[in-house]
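Have the sequence and the 3D view handy as you read.

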Amino acid sequence: MRAIVIDKPGGPEVLAWRQVPDPAVGPGDVLIEVTASAVNRADTLQRQGAYDPPPGASPYPGLECSGVVGAVGRDVEGFAPGDRVCALLSGGGYAERVAVPWQQVMRVPEGVELDEAAGLPEVACTVWSNVFMTARLRKGETLLVHGGASGIGTMAVQLAKAFGSRVVVTAGSPEKIARCLELGADEGIDYRREDFSERVRADVILDIMGGAYLAGNVKALETGGRLVVIGLQGGAKGELNLGALLAKRASVHATTLRARPVDEKGVIVRGVVQNVWPLVDAGAIRPVVHARVPMSDAAEAHRILEAGEHIGKILLVS
Ligand SMILES: NC(=O)c1ccc[n+]([C@@H]2O[C@H](COP(=O)([O-])OP(=O)(O)OC[C@H]3O[C@@H](n4cnc5c(N)ncnc54)[C@H](OP(=O)(O)O)[C@@H]3O)[C@@H](O)[C@H]2O)c1
């Protein structure tokens, strides 16, 4: 098969579409003939040599894909050759074939094109596990989503609205804020013009900025609030005022999806299929696709992501 190979750390130009051995299919694995993958910020870090794949994961980038089941191992439950699926991967999505534990495989929601489905697993699993499983966002509560126009943000806005929450986003331009409002957000804050912590109080905050936003996020939490940090775009270190946290009886969580064991990913994936997919089937949540780029030109897709003008997901189509 062919896959995107990273020979040495560097810019997008190091991504090379090359012949490689087919993946080995273990007893619990589903082999997927890949129709599409999608770009995540973690892929750009892996390309730069700053985020190695966890032990046992494919060396090729790609944390999600969609396609058709080509073969199944003897212990696989619930999937058969010919099924249209999408999957959460720990790597290897930028390829013509990938083998993945069956627990991380999902049916394609109704009304979603097979290639669009490639952009759903990472955002759905990340938002479901952090906002709903960890932070336990409840109906009527306010969710603050930093980077509301990102791949993650566009799913967080739609899912939280579908569950009856009030949603406030931050974004870096009026156009991006307008798109978030179209997706259902109640309020948008242009972080280039305004300090969000002066304007909003939230029960749950989904944060991608880490250290740079830590003090502002703690200030913006309501009593009993929950801050979940999933990205460190503003650095890994910041000063945490425990006095402020204590007075609000608030909590700070930080999580990553990729390194979790298969069983934990399986619990999240089942939660997504039970709770998120019915909303996608019903059209209440739609995939937000910014661009489709040929997988062989993954470098161009990384350039688009790093330019930061995109809204939603960038797909890599085979
Ligand atoms: N922990 C996990 O398991 C996990 C899983 C998936 C993703 N993530 C993280 O989630 C984040 C989003 O991922 P993605 O793939 O959706 O990436 P993406 O589409 O490239 O989004 C990055 C976003 O960062 C926003 N941003 C930049 N500076 C900001 C600031 N000062 N304030 C608020 N927003 C700012 C950008 O918004 P503007 O363009 O509007 O400036 C952009 O929308 C990344 O940090 C990624 O690493 C974590």
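Predicted model: local features only at pLDDT ≥ 70, side-chain atom pairs only at ≥ 80, totals over all residues.

## Strands 9 and 10

Strand 9, covering residues 166–171, runs parallel to strand 10, and four bridges join the two.

Now zoom out. Which order do the strands of the open sheet follow? Reading across, it goes 10-9-8-11-12-13, six strands in total, with parallel pairing. Strand 10 (187–190) and strand 13 (251–254) are the edge strands, each pairing on one side only. From one strand to the next, the twist averages 15°.

There's a helix to look for here too. Helix 3, made of residues 151–162, lies across strand 8 (142–146), strand 9 and strand 11 (202–207). Relative to strand 9, helix 3 runs at about 165°.

Domain 1 puts 20 residues into the contact, and domain 2 puts in 16 residues.

## What the interface is made of

About 1,400 Å² is buried between domain 1 and domain 2, and carbon and sulfur atoms give 70% of that area. Which three residues supply more of domain 1's buried area than any other three? They are I285, V288 and I311, which together supply 32% of what domain 1 buries against domain 2.

As for polar links, four residue pairs are in polar contact across the interface of domain 1 and domain 2, while the count of salt bridges there is zero. On the side of domain 1 that touches domain 2, helix 8 (residues 262–275) gives the most, with five residues.

Note on methods. Residues numbered from 1 in each chain as written. Heavy atoms only, no water. Pairing = 2+ DSSP bridges. Axes fitted to C-alpha atoms, helices over the stretch in contact; angles between N-to-C directions. Contact = heavy atoms within 4.5 Å. Buried area = accessible area lost by both parts, 1.4 Å probe. Salt bridge = Lys/Arg side-chain N within 4 Å of Asp/Glu carboxyl O. Polar contact = N/O pair within 3.5 Å; in protein donor to acceptor, adjacent residues only side chain to side chain.
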